[in-house]
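This briefing concerns a single protein model and is arranged by topic for quick reference. Please consult the sequence and the structure shown here alongside the text.

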Amino acid sequence: MIRAILFDLDETLFDHRRAVAHAATRWTESVCPGHELLPETPALWLDLEDKHVPAWQSGECSLAEQRRRRLREFCRRLGLPEPPDPDAAFAGFLTHYESAWAAFADVPETLEALTALDDAPVLGVLTNGVAVQQEAKLRRIGLMDRMEVVLTPDTLGAFKPAPQCYHEAAAKLGLRPQEVLMVGDNLLLDAVAPTRAGMRGVWLDRYRAEPGASSPAVTRITTLRDLPDVLAALSPRLLGPSRAA
């Protein structure tokens, strides 16, 4: 029986792409108004996240240094002057990013449906992000009080997809891995790897990427609204809100 659900945060509960699109365009406009590549800046920023964040996660560099590397390459790729103080420049980007923080529209109703179930599962977040920033996001979008735990590499000692990350997360909940459902937008980190570690994994394919032919079979949904039905199939006792008098 599933006794807890751990959600990824960015692109699962929190609309990271929307916030990045706002920040990348606003920050670039502040440096070079009317830049001809302005429409391409959100995709470029996301690509550079994928390129540089792993260096921090592997211990090659600090969080601050990977941010500097990302910003410098962002400027080079756009033909912008390199900022003399990349930390201050990145802080400016963060100001725009934080102003656009929002949850996805399907989040509130899904959490309401889950908490209304008989034997409602414990809800939490398992994210590779920095604790202070991820907790700030949850508070801003009104979800912090709904989460029993917010688990990050700071407390788990490992990043997803390391098996230790999922094992420690289950232990923090006082549960066995098979009693925990992991839900998130990354096929490997949030579905395949947790399943291999003993959890149940659900891939939230919001943008309908579809798994490749070589991808392992995993439970796939395209909206969180489908999650209560998935949970009911895995835990038949969770039949709906209690009607006891």
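The model is predicted. Its largest pocket has a volume of about 1,100 Å³, and its largest nonpolar core has 47 residues. Helix H9, spanning residues 187-196, is mostly covered.

**Largest pocket**

- The lining of the largest pocket comprises 40 residues, and those nearest the centre are Asp10, His16, Glu49, Asp50 and Val53.
- At least two lining residues come from each of helices H1 (16-31), H2 (41-57), H3 (63-78), H4 (86-99), H6 (131-140) and H9, and likewise from strand S5.
- The greatest contribution to this lining is made by H2, with eight residues.

**Nonpolar cores**

- Within the largest nonpolar core, the residues with the most contacts are Ile5, Phe7, Leu13, Tyr97, Leu114 and Leu227.
- Beyond its neighbours within four places in sequence, Leu227 is in contact with Ile5, Phe7, Thr110, Leu114, Leu181, Val183 and Ile221.
- In soluble globular proteins, nonpolar side chains tend to be buried together.

**Helix H9**

- Seven of the 10 residues of H9 are buried, namely Leu187, Leu189, Asp190, Ala191, Val192, Ala193 and Pro194.
- These buried residues pack against helix H8 (163-172) and against strands S4 (180-184) and S5 (200-204).
- At the start of H9, the backbone nitrogen of Leu188 has a side-chain oxygen of Asn186 within 3.1 Å.
- Just after H9, Gly198 adopts a positive phi of about 110°.

**Backbone features in loops**

- Most residues other than glycine have a negative phi, and most peptide bonds are trans.
- The peptide bond between Lys160 and Pro161 is cis, with omega about 15°; Pro161 belongs to the loop between helix H7 (153-156) and H8.
- Asp119 has a positive phi, near 50°, and is situated in the loop between helix H5 (107-115) and strand S2 (122-126).
- Asp119 counts as partly exposed because its relative accessibility is 43%, between the limits of 20% and 50%.
- Arg208 also is not a glycine and has a positive phi of about 50°; its position is in the loop between S5 and strand S6 (219-221).
- With a relative accessible area of 53%, Arg208 is exposed, since that class applies over 50%.

Note on methods. Residues numbered from 1 in each chain as written. Predicted model: local features only at pLDDT ≥ 70, side-chain atom pairs only at ≥ 80, totals over all residues. Heavy atoms only, no water. Buried < 20%, exposed > 50% of the residue type's maximum accessible area, 1.4 Å probe, protein only. Helix = DSSP H or I, 4+ residues; strand = E, 2+ residues; numbered from the N terminus. Contact = heavy atoms within 4.5 Å. Polar contact = N/O pair within 3.5 Å; in protein donor to acceptor, adjacent residues only side chain to side chain. 1 Å grid on protein atoms, 1.4 Å probe; cavity = no way out; pocket = protein on both sides within 12 Å on 5 of 7 lines; lining within 4 Å. Points joined across faces, edges and corners; volume = space filled by probe spheres on them. Core = buried A, V, L, I, M, F, W, Y, C linked by side-chain atoms within 4.5 Å.
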